[in-house]
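Subject: Structure handover and notes

Dear colleague,

Please find the structure below, together with the notes I made while going through it.

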Amino acid sequence: MIRPWPRSLAWQLITLLLIAVVLAQGVALLVFADERRHALLSANREQVLARTGNIARLLQAMPGTMHGRVVEMSSTPRLRFWLAGNAAVDRESLSEIDVALGHRLDWYLGGMAVGRSLVDVRRESGFFLWRHGNGADESAGGGFSYEIYVDEDGQRRAVGPGHHYGSVLSLVMAVPLHNGAWLNAQTLVAPPPPSWGLPTFAGLIIAATATCTVVILMVRRSTRPMRRLADAAEAFGRGEHVARLLEDGPIEVQRTTRAFNDMLGRIRRFVDDRMRMLAAISHDLRTPITSLRLRAELVEDAELRERMRASLEELERMTEATLAFSREDAMREETRTVDLAALVETVVCDIQDHGCEAAFDGPARLAYACRPTAMKRAVRNLVDNAVAYGQRARVRLDAEGGAVVLTIEDDGPGIPDDALERVFEPFVRLEESRSRETGGTGLGLAIARTIVRGHGGDIVLSNRAEGGLSVRATLPLRDER
């Protein structure tokens, strides 16, 4: 499935910046095109007015017999001159812009005109042909020409390839001469189609590529500390030892990393203090237990003496289990990749060697990053629990949906639904499924869940419909980014 929006922060920033670059370049292109069009219109208009003024001044200085020849030689496909007894411009229809252009033409005439010059800006519609060539020399074919073509029925038509129907601006000018004639001129002032489309598009691609390269480098530099922080948080959540992170990158990332380092230190101190206190209490309990054991031997009632001895032995087992748990947790085993299928199968085989009924079903190999000793203890506690209270253990290992699932089923009496969560509390034992003769301390499931949760997973118990208990331990597969 193709995602319409990237999930990575780096690619989100890159995408947003690329969109911004394209939009900015597009707006700049439109503004530039409009400014260029106005600049070309203004330059073309000034050129036409200056040329018309020069021709009029030339005619004023020449004999009338030469006017026709001069006008004929001065006309081009873009600027046509002719002499007439009347002006080609209606003075009554002029706009303010037309009047201003007339004043501008008078300025180019240098005061030689007998009367005020007339300029009319018109929008003509028709078929026009763009010619590619040297625009400086219009007689050589540069620039464009403009004509109206009509059929016999009056309909407009194109006369050949390259002709297009459109609307263009036309300047119509009339300059009064000393002999009473009018020098009329008509030209197109619309600029030719832009020839800068390809260079501009290439410039846009180059700008976008350069921006993308710079953004990728900067985003990678900015997000690298965030990736380290995410990896460290994930590793710490699995109970791995995480060194203090380097506080670099943008100031916001530095503050976040500093807060994580401080939190990491506080949690470690809290856990270490708790484990030291637990180990100290368990160690200190040995002395009174030993003293009570000696005093119990002095009790004359044999039945009472055995009951006291059994209670003291149970208390001693609980103390030893607590000490073992605290010592193992303090070891801070390093995480490494092992064959989890082989590890689970080894536990099942050990159970079978002790004469218990157990079976394993799973893949031939399943690589998984974990703390092997702790994981083996968790699996052993779960399988021992199934064998001790459910007669047999059926162990199945699967990899599904980005996680490893360990399922252990037994044929025992199960657990009341209201106690499925309570059995994970330390030293909790249910009389319906456990007895003191089994030697359980009530720490097996608690330790197993602590280990599994330390790897980012969890353990859930459920009663099977056909009888017995089902234990489902889910371990997430490590994200190798």
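The mean pLDDT of the protein is 77, with 79% of its residues reaching 70 or more, and please keep in mind throughout that this is a predicted model. Confidence is highest in strand S10, at a mean of 93, and lowest in strand S3 (residues 144–147), where the mean is 46. Over residues 130–146 the pLDDT stays under 50, although the model has 40 contacts beyond four places in sequence for that stretch. Residues 148–152 are also below 50, and here the model has 14 contacts beyond near neighbours in sequence.

As to the overall build, the protein has nine helices and 12 strands, and 37% of its 481 residues count as buried. Among contacts between residues at least 6 apart in sequence, 65% join residues at least 24 apart. The accessible surface comes to about 28,000 Å², and carbon and sulfur atoms account for 57% of that area.

A second salt bridge is formed by arginine 309 and glutamate 297, whose closest N and O atoms are 3.1 Å apart. This pair links distant parts of the chain, with arginine 309 in helix H6 (residues 302–330) and glutamate 297 in the loop between H5 and H6, 12 residues apart. Here again the two residues are partly exposed, arginine 309 with a relative accessible area of 22% and glutamate 297 at 41% relative accessibility.

A further salt bridge brings together the side chains of arginine 464 and glutamate 409, at 3.8 Å from N to O. Arginine 464 sits in the loop between strand S11 (458–463) and strand S12 (469–476), while glutamate 409 belongs to strand S10 (residues 403–409), so that the pair links parts of the chain 55 residues apart. Arginine 464 and glutamate 409 are both buried. Through shared partners, salt bridges join Glu357, Arg392, Arg394, Glu409, Asp411, Arg464 and Glu466 into one network.

Among the other covered parts, helix H9 (residues 444–454) has eight buried residues out of 11 and is thus mostly covered. Its buried residues are Leu445, Ala446, Ile447, Ala448, Arg449, Ile451, Val452 and Gly454. Just after H9, glycine 456 adopts a positive phi of about 90 degrees. Threonine 187, which is placed in strand S5 (residues 182–188), counts as buried because its relative accessibility is 4%. Leaving aside neighbours within four places in sequence, threonine 187 is in contact with Val48, Arg78, Leu79, Leu169, Ser170, Leu171 and Met173.

Lastly, the count of aromatic pairs comes to one. Tryptophan 107 and tyrosine 108 form this pair, which is edge-to-face, with 5.1 Å from centre to centre and 75 degrees between the planes. How do the two partners stand in accessibility, buried or exposed? Tryptophan 107 counts as exposed, at 57% relative accessibility, whereas tyrosine 108, at 17%, counts as buried.

With best wishes

How values were computed
Residues are numbered from 1 along each chain as its sequence is written. This is a predicted model: local features need pLDDT of at least 70, side-chain atom pairs count only at pLDDT 80 or more; totals for chains, interfaces and linings use all residues. Side-chain values use heavy atoms; hydrogens and water are left out. A salt bridge is a side-chain nitrogen of Lys or Arg within 4 Å of a carboxyl oxygen of Asp or Glu. Helices (H or I, at least four residues) and strands (E, at least two) are DSSP runs, numbered from the N terminus. Buried means under 20% relative accessible area, exposed over 50%, partly exposed in between (1.4 Å probe, protein chains only). Contact means heavy atoms within 4.5 Å. Accessible areas come from the Shrake-Rupley method with a 1.4 Å probe; for residues, only the protein chains shown count as cover. pLDDT is the predictor's confidence in each residue, from 0 to 100. Rings of Phe, Tyr and Trp (its six-membered ring) pair if their centres lie within 6.5 Å; planes under 30 degrees apart count as stacked, over 60 as edge-to-face and the rest as tilted.
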